[in-house]
Amino acid sequence: MRSAIHVDMNRSISRLLVTLGSTLSLAACSAAPETSFAEDTGDTATEALGQISRCTHANMASSSCAAVRAQILNDAPQNRVELLNRGLDWVDRDIMYSQSKTTDGYRRDCSGFVSMVWGESQTYSTASYAPYDTSATTQLASYEDLLPGDALNKVPRGHIVLFAGWANNAHTAMYVLEESQTGSPALLAKVSATYFARFRPIRSNNL
């Protein structure tokens with residue numbers, strides 16, 4: 001009788017340990033995506049050198065920034081204007097970059113900004129987008145294939161911006177919307193090829 005009880009107890013303990021191990025394993029798997037955005041460090045001083053100008057909530061009413069805003073909305077295909085307006089809404093509301101805070105249900109960092117504009121069901125990280133993951137986006141063949149509302153994902157990963165339109169006929173400068181880095185609000189910037197050459201052009205599969 002004692003042997004039988006001993007065997008049953010061992011079996012019960014074994015089942016408990018297996019169940020506990022499985023639960024902990026599942027918890028670890030589900031936690032991984034939650035921290036994957038930590039590598040999205042945003043803009044850097046080197047990349048900022050490629051910025052020709054920037055418009056934020058503070059100067060959006062100026063004649064130059066107002067003209068740029070009007071230009072990108074006028075030049076965009078009609079079915080892409082709504083996307084640009086979503087991004088410009090964060091600029092107008094002076095939404096500050098943050099990897100811990102959210103607005104409209106989306107994290108306030110670079111990938112959260114793009115997720116918001118694209119109307120994703122959740123906030124993704126740069127690792128969730130092409131060229132790293134092609135389940136939700138496709139890498140375009142060249143920069144010339146970009147349409148307003150598409151995005152550019154940095155290689156190596158760490159930052160992503162929304163393409164707002166070309167700034168000149170030679171396509172050596174472009175306008176981007178982004179949440180750039182800690183201490184900075186959402187902005188509309190004009191950047192040179194030295195900036196966007198570090199990024200890959202991508203498009204949401206839903207566009």
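Is Arg107 buried or exposed, and what is its relative accessible area? Arg107 is buried, with a relative accessible area of 9%. Buried means under 20% relative accessible area, exposed means over 50%, and partly exposed lies in between, using a 1.4 Å probe and protein chains only.

## Basis of the model

This is a predicted model: local features need pLDDT of at least 70, side-chain atom pairs count only at pLDDT 80 or more, and totals for chains, interfaces and linings use all residues. Residues are numbered from 1 along each chain as its sequence is written, and side-chain values use heavy atoms, with hydrogens and water left out.

Arg107 sits in strand β3 (residues 106-107). Helices (H or I, at least four residues) and strands (E, at least two) are DSSP runs, numbered from the N terminus. The side chain of Arg107 makes a polar contact of 3.2 Å with that of Ser111. A polar contact is a pair of N or O atoms within 3.5 Å; within protein, one must be able to donate a hydrogen and the other to accept it, and residues adjacent in sequence count only if both atoms are side-chain atoms.

Ser111 is one of the buried residues of α5. Helix α5 (residues 110-117) has eight of its eight residues buried, so the rest of the structure largely encloses it. Among them are Cys110, Phe113, Val114 and Met116. The buried residues of α5 pack against α4 (78-92), β3, β5, β6 and β7 (173-178). Contact here means heavy atoms within 4.5 Å. Just after α5, Gly119 has a positive phi of about 65°.

Strand β5 (residues 151-154) is covered on both faces. Ala151 and Asn153 are buried on one side, Leu152 and Lys154 on the other.

β5 pairs with strand β6 (residues 160-166) in the antiparallel sense, over three bridges. Two strands pair if DSSP finds at least two bridges between them. Ala151 has Leu162 of β6 as its bridge partner. β5 and β6 form a hairpin with five residues between them. In the turn, Gly158 has a positive phi of about 155°. β5 also pairs with strand β9 (residues 199-204), again antiparallel, over four bridges. Here Lys154 stands opposite Phe199.

## Salt bridges

The structure holds seven salt bridges. A salt bridge is a side-chain nitrogen of Lys or Arg within 4 Å of a carboxyl oxygen of Asp or Glu. Asp150 pairs with Arg80, the closest N and O atoms being 3.1 Å apart. Asp150 lies in the loop between β4 (137-139) and β5, and Arg80 in helix α4, so the pair ties together parts that are 70 residues apart in sequence. Asp150 is buried at 0% relative accessibility, and Arg80 is buried at 5%. A network of salt bridges links Arg80, Asp150 and Arg203.

Glu82 and Arg86 also form a salt bridge (3.0 Å, N to O). They are four residues apart in helix α4, and so are separated by about one helical turn. Arg86 is partly exposed, at 28% relative accessibility. Arg93 forms a salt bridge with Asp104, with the closest N and O atoms 3.0 Å apart. Arg93 lies in the loop between α4 and β2 (102-103), and Asp104 in the loop between β2 and β3, so the pair ties together parts that are eleven residues apart in sequence. Arg93 is partly exposed, with a relative accessible area of 39%. Asp104 is partly exposed too, at 47%.
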